[in-house]
Amino acid sequence: MTEGADRIVIVGGGHNGLVCAAYLARAGRKVLVLEAADQVGGAAVTREFAPGFRVSSVAHLLHALDPRIERELRLAQHGLAYARRELLTVALGESAPLVLDGANVLAGDVSSADRAGLVDYVRRQRRFAALLAKQHGFGAGFSVLRLFGRSAKNRNTESPLPWLARFALDVRLLGRADMRELLRVGTMNLYDLLEDRFDSAQLKGALALDGVLGARLGPRSGQTFFTSLQRAGARGLPRGGMGAVTGALAVAARAAGAEIRVASPVASFMLDGERVTGVVLQSGEQIAAATVVSNVDPQTTFLGLLGARHLDAEFARRVAHIRSTGCAAKLHLALSGPPDFRGVPAELLGERLVIAPDLGYIEAAFNPAKYREYSSQPVLEITVPSMHDPGLAPPGQHVLSAIVQYAPRDLAVGWAAGRAPFLEATLGVLARHAPALRSQIVAAELLTPLDIENDYRIHGGHWHHGELALDQYMMLRPVPGAAYYRAPVPGLYLCGAGSHPGGGVIGAAGRNAARVVLARSRA
Amino acid sequence: MTIPREHYRQAVFPTPFHTRTAAANTLNVWHRWRDYTVADAYFDVSLEYTALRNACTVFDLSPMTKHLITGPDALAFMNRLVTRDVAKLKPGRVGYTVWCDDAGQVVDDGTIFHLRDGVYRLCSQERQLDWLHASALGFDAAIQEETHDVAALALQGPTSCAVLKRLGLAGIETLTPFGIRSFAFEGGELTVSRTGFTGDLGYELWIDPELGIALWDRLFDVGAPVGIKPMGTHALEMSRIEAGFIQAGVDFLPADRAVRAGRTRSPFELDLAWLVDFGKPHFTGRRALLAEQARGSRHRLVRLDVEGNKPAKDAYLYDRRRRNVGVVTSAMWSPAAKANIALASVEMPHGAPGGELWAEIYYQKELKWSRFMARCTVVEGPFYSPARRRATPAADF
């Protein structure tokens, strides 16, 4: 047996790459994970951004980590603990803040009709989100359905029909009323939907934010109800930040026998004819492998590491056209003391604070993004994780982590010119709700999508490796011809957020990819 | 000449030779070929055809889609685009090729002119700019649409070499088939390739549109003693069927225009397996074609010798048991081959060389329609291929 003939190389040690590595290693495969950065975790890491201050660098809340992964990989035993399992949402506004605990309004000026409507809305949203979560295994695994799929004449294009049939059955099993509602609102925009159902501007703003966070969409954009389902779950705060999740995954992978090398950026894939036979590191080192699994986004994987010339032209064009322009920036503030948000009592400071006071505000914030400009009045999702997790900052001091929108990756004036005024605009919005905040700032860091692209090696700086929308979902994710975690090139697989069911630290793509690799390459 | 960008003011243009082709067109019959008007026939289709096979003819080729491909990756780009190995095409040579979509279905066929080291001209029936741009992703190659910047005439027939010698193109008779050579002409450059669509001895002449009229006049001036005539598209169509050449939109549907499944064809299904080189680097459609090779093709292009003298145009083809197995795509009575010939697409495994098929031919005499079943024999190679087509040095006749 030649060197590397039984090795699986996973390019990228993000959460999906680590999940994939752990499952493959548990199945007895020889696995090597190559991570470009100095620590594993990809965009789910805890990083010191100022002396003594650490923060979850890109992703900052845990929404939807697949519970099977947490259980099967025994992440709790490997060090994953939660500072908080479920955060409340505190919607800041001109008047008193609105406090939401899922379907319940804990505080705020909200009518009883809106309160009842929220219960109904959240109930349905969670049912639909659960329905989508049931499709997380789409295209992977060994079900009888898969055998039907294989009977398709052309083995290169596995039929999605069995999976879609199951999806349709699941939709039908929602029952008549909820099925009709899903079909009615499934592709709808949140603006119309929320206007139709609620009176409270503050409530509508808070609910709409979930449909647009991380996306290049405004509340009036189509499909925003669908995108909101990605965030319908509980919002957890891992102890030690998001790095604790990927840290536990790395421990699980190593415990199963996987080898992980950091500071090993991959420059390209090795090819023998049509087959990927390993990777070449930027150092020039060549590592042979029977199978290469890429945790890197599809555009970098195919057009960068592999190269368009090894692909068919239509496929390469589809990959190039994946909508992956990031629009979300990340703000990290090191604070000398706890921030004082107007009207927010100290015990709520550690919850999820949102600045999205009404639908019009969010839509107006989105408008400039269409023209490659940043929002002068951005929307924010803010956490102060040090409230629960004092280890993240020096004693008595705090870190603030916020997702700030909209900040298009392809800013017309360029981020060299845009960074300072956008940071100023963001601090201006923050200061309206926390007037003393500026004087507390010890250090500030703004990660634009361009920084995320460069520092975290994600094409377009889009944290989902491509917009998570219906036209980039299921067998269309990342593109037809590369769904089912398989590249059109033999020997190459995909396990990242660019594949179904996408990003947001779910881990399902990594788990599915491992199952597909195991099914197609019996040891 | 550059076409004005206001294409909505005028969509179809005269070719650089229009003043001359219009003067020669005694029948005044025209049709649209892409952006230009071209003559269907000038004086009599049969006589134009006869002139082609016995003297020589001039056909206005200017509307042919032309692209210039340059840049450091020009060769790599071309090789990823087409099915054949462009690395083997030396400067000064022309190669016929096809290119496929991802599914290995033919997008178009055409000729690659390796004009100078690393500089290629791609001539095709269909417009290809979008496909070429899509294919250029990841390559450092420049693509320039030059259809309107290059005027072209096809000078074809046994006395074509004699005409060029009379034009003063020294040594033209030594140009081998698929060779390219350039000559000074009236202060400009005349590029001559020994190529054509007629299956005869012949040349294609490429020149700056500004010099087009001068070239036309000089050709007819020096060619008159050896019987030069203008030829329209109808006579060209006759000659290309005799040569066994396929045409996009007629004998196969360009893959990017197909909507329905099963309507397109792979190179294997067009009898063009010789153009597919699996030994070269990756090209679009390679994986699909390898799979087809392993699985077997669904269709086959055949050349038929049809019983009788009624052209089998658009005829259904049947096997012995009267089961429909294909359709004729091009057909005619061939004066040169003295045979009733046809190109057809049939389902596998029908149409093996030497095999027999039946064509259902409808014909009309004085408004009365008749139908009969004509026996067809599958033949190999072109229907008409005179030795002068390949002979070098080319003779004067």
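# Exercises on a predicted two-chain model

**Exercise 1. How many salt bridges does the rule find across the interface of chain A and chain B, and which residues of chain A lose the most area there?**

Solution. In this predicted model, the rule finds four salt bridges across the interface of chain A and chain B. One to inspect is the pair of Asp130(B) and Arg317(A), whose closest N and O atoms lie 3.1 Å apart, which falls inside the 4 Å cut-off for a salt bridge. Helix 12 of chain A, residues 313-320, gives the most to the side of chain A that touches chain B, with seven residues. By class, that side of chain A holds nine nonpolar, two polar and six charged residues.

The next step is to turn to the contact as a whole, to which chain A brings 17 residues and chain B brings 19 residues. The area buried between the two chains is about 1500 Å², and carbon and sulfur atoms give 43% of it. In chain A, the residues that lose the most area to chain B are Glu274(A), Arg309(A) and Asp312(A), which together make up 43% of what that side buries. To complete the picture, 15 residue pairs are found in polar contact across the interface, both residues being at pLDDT 80 or more.

**Exercise 2. At roughly what angle do the axes of helix 1 and helix 17 of chain A cross, and which residues make the contact?**

Solution. The axes of helix 1 (residues 15-26) and helix 17 (residues 508-520) of chain A come within 7 Å and cross at roughly 40°, and the crossing is right-handed. Helix 1 of chain A contributes Asn16(A), Val19(A), Cys20(A), Tyr23(A) and Leu24(A), while the residues from helix 17 of chain A include Ala509(A), Gly510(A), Ala513(A) and Val517(A). Sorted by class, the residues of this contact are ten nonpolar, two polar and one charged.

Notes
Residues numbered from 1 in each chain as written. Chains lettered and ligands numbered in written order. Predicted model: local features only at pLDDT ≥ 70, side-chain atom pairs only at ≥ 80, totals over all residues. Heavy atoms only, no water. Axes fitted to C-alpha atoms, helices over the stretch in contact; angles between N-to-C directions. Helix = DSSP H or I, 4+ residues; strand = E, 2+ residues; numbered from the N terminus. Left-handed = near helix turned anticlockwise from the far one by under 90°. Contact = heavy atoms within 4.5 Å. Nonpolar A, V, L, I, M, F, W, Y, C, P; charged D, E, K, R; others polar. Buried area = accessible area lost by both parts, 1.4 Å probe. Salt bridge = Lys/Arg side-chain N within 4 Å of Asp/Glu carboxyl O. Polar contact = N/O pair within 3.5 Å; in protein donor to acceptor, adjacent residues only side chain to side chain.
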